[in-house]
Structure formats: C-alpha cells, structure tokens
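Let me put the structure up on the screen, and then we can walk around it together.

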Amino acid sequence: METSDCIMTRASVRSYKPDDIPEDTVKEILEAAIQAPCAGNIQEWEFVVVRNPGNRKRLAQAAFEQNVVSDAPVVIVVCANIREIGNAYGERGENVYSIQDTAAATQNLMLSAWDKGIGSCWIGSFNEKQVKDILVLPGHVRPLAIIPLGYPASEPSKPARKPLEKTVHNDFY
Ligand SMILES: Cc1cc2nc3c(=O)[nH]c(=O)nc-3n(C[C@H](O)[C@H](O)[C@H](O)COP(=O)(O)O)c2cc1C
C-alpha cells in the first residue's frame, strides 16, 4: 500500500475475524515498530505478545471490560523500560521520552498492521497495576498501550477530523 493511503485509510478496528495471525507477520509488524525514532536511540520499548486466551481475557478485564482485547487473536502490550530511559535522560526521559518513543513505535506498529490488512485499536484506558500483574512485569517496566490485532470483521469507519484551519497555527512573520 502507498504510505499516504495507509495513513489516510487506517481506522480503529474493534471487531475481528477469528483467523489467527501468522507468527512471521507479527514479527514483521514488530520490526516496523522498532524502526520508529526514539530519544538518543535508547530503544527503551518492550513488547509483550499475548496469544493465550486466558491472558487476553484478563487484559480485557484490566481494560475495564473492553472485549476488543479478548476478541483479538493477538494482543501486543507496548511497554517502556523506565529505568533504561531514566538512566540516559533523568526525569525527562522517564516522564516524556518514554511516552513519546513508545507512541511512535505504536503508530508504526498499527500502520504496518494496516498495510498487511490487519486491523488494530489503541487501548489506553486500563489499570496499569493489573496489567503489570497479569504479565508479571518488573517494577521498572511500564505498560503504556494495549494493541489488539486481527483481521477486520467489517470495514471500519473513520471518525471525522477537525479541519486543519482549527488545529494549525502560523507564527507571525
Ligand atoms: C492514547 C490513546 C488511547 C486510546 N484509548 C482507547 C481505548 O481505551 N479504547 C478504545 O476503544 N479506543 C481507544 N483509542 C482509540 C481512539 O478512540 C481512536 O484512535 C480515535 O477515536 C480516532 O479514531 P481512528 O483511530 O479510527 O482514526 C485510543 C487512542 C489513543 C491514541
């Protein structure tokens, strides 16, 4: 798919066919994720690939019963190693770069999935402590996004964007 087509047509997909996603395809999507820019090339992102139905169900519960998580055949939990980025950049690394780096990786991941005909939805509303417990994450690894992946059950509709005139501002020159 053309890059611009991929960007313009991607939309959140919240219902999936039961079809599994091949391991190699998931790997290609993760390879795309780690091509994202990141502060100082520290690459503090960590990805947990969840296929186990019991764990997907537990993650859905931790995401306040968002069944999109348990319905997807593959779920990727995007995390940041806060200690690693903190060691490099202190407080700004821990609180700003960790969020930005993993967000950039997440966007790459979702676009790469869409390019392969795989739908996804960024799930940000979840109980962090519960997700850490389910995945047995060490204290310095923070889960920041849950991304269910699956072949779309139907064509997603993309919500409208505000017009550029409302969100783009020019400086005085
Ligand atoms: C940081 C973040 C958190 C989000 N959390 C959720 C969520 O918990 N549940 C959900 O259904 N969608 C969630 N979304 C998806 C947005 O609702 C969606 O991207 C937005 O409405 C625009 O729609 P589109 O993705 O189809 O373009 C989240 C998106 C982002 C970027």
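Let's start at Asn-41, which counts as exposed because its relative accessibility is 53% and the cut-off for exposed is over 50%. You'll find Asn-41 in the loop between helix H2 and strand S1, the strand covering 45-50. Now look across to Phe-64: Asn-41 and Phe-64 are 23 residues apart in sequence, and their C-alpha atoms are 34 Å apart in space. One word of caution while you look: this is a predicted model.

From that loop, step back into H2, residues 23-33.

As for the hand, H2 passes H5 in a right-handed crossing. If you want to colour the contact, pick Glu-28, Ile-29, Leu-30, Ala-32 and Ala-33 on the H2 side, and Ala-105, Asn-108, Leu-109, Ser-112 and Ala-113 on the H5 side. By type, the residues of this contact come out as seven nonpolar, two polar and one charged.

Staying in H5, have a look at Thr-106, which lies in this helix. Its relative accessible area is 1%, so Thr-106 is buried. Who are its partners? Leaving out residues up to four places away in sequence, Thr-106 touches Val-78, Trp-122, Ala-145 and Ile-147.

Next, the aromatics. How many aromatic pairs does a search of the whole structure find? One. The pair is Tyr-89 with Tyr-97: the ring centres are 5.2 Å apart and the planes sit at 85°, so we call it edge-to-face. Tyr-89 has a relative accessibility of 37% and therefore counts as partly exposed.

Now for the other helix pair I wanted to show you. Helix H3, residues 53-62, and helix H6, residues 128-135, have axes that come within 9 Å and cross at roughly 170°. That makes H3 roughly antiparallel to H6, because an angle over 145 degrees falls in that class. The crossing of H3 and H6 is right-handed. From H3, the contact uses Asn-55, Arg-58, Leu-59, Gln-61 and Ala-62; from H6, it uses Gln-130, Val-131, Ile-134 and Leu-135. Sorted by type, that gives five nonpolar residues, three polar and one charged.

While we're on H6, Asp-133 lies in this helix too. Asp-133 is partly exposed, at a relative accessible area of 47%.

Val-136 is a residue other than glycine, and its phi is positive, near 55°. Val-136 is placed in the loop between H6 and strand S4, which runs over 141-150. Its relative accessible area is 69%, so Val-136 is exposed. The other residue is Glu-65, again not a glycine, with a positive phi of about 65°. Glu-65 belongs to the loop between H3 and helix H4, residues 68-71.

I'll finish with Arg-14. Where does Arg-14 lie? In the loop between helix H1, residues 3-9, and helix H2. Arg-14 is exposed, with a relative accessible area of 55%. Apart from neighbours within four places in sequence, Arg-14 is in contact with Val-68 and Cys-121.

Definitions and conventions:
Residues are numbered from 1 along each chain as its sequence is written. This is a predicted model: local features need pLDDT of at least 70, side-chain atom pairs count only at pLDDT 80 or more; totals for chains, interfaces and linings use all residues. Side-chain values use heavy atoms; hydrogens and water are left out. Axes are lines fitted to C-alpha atoms, for helices over the stretch in contact, and angles run from 0 to 180 degrees between N-to-C directions. Helices (H or I, at least four residues) and strands (E, at least two) are DSSP runs, numbered from the N terminus. Angles under 35 degrees count as roughly parallel, over 145 as roughly antiparallel, 65 to 115 as roughly perpendicular and the rest as oblique. A crossing is left-handed if the near helix is turned anticlockwise from the far one by less than a right angle, and right-handed if clockwise. Contact means heavy atoms within 4.5 Å. Ala, Val, Leu, Ile, Met, Phe, Trp, Tyr, Cys and Pro count as nonpolar, Asp, Glu, Lys and Arg as charged, and the others, Gly among them, as polar. Buried means under 20% relative accessible area, exposed over 50%, partly exposed in between (1.4 Å probe, protein chains only). Rings of Phe, Tyr and Trp (its six-membered ring) pair if their centres lie within 6.5 Å; planes under 30 degrees apart count as stacked, over 60 as edge-to-face and the rest as tilted.
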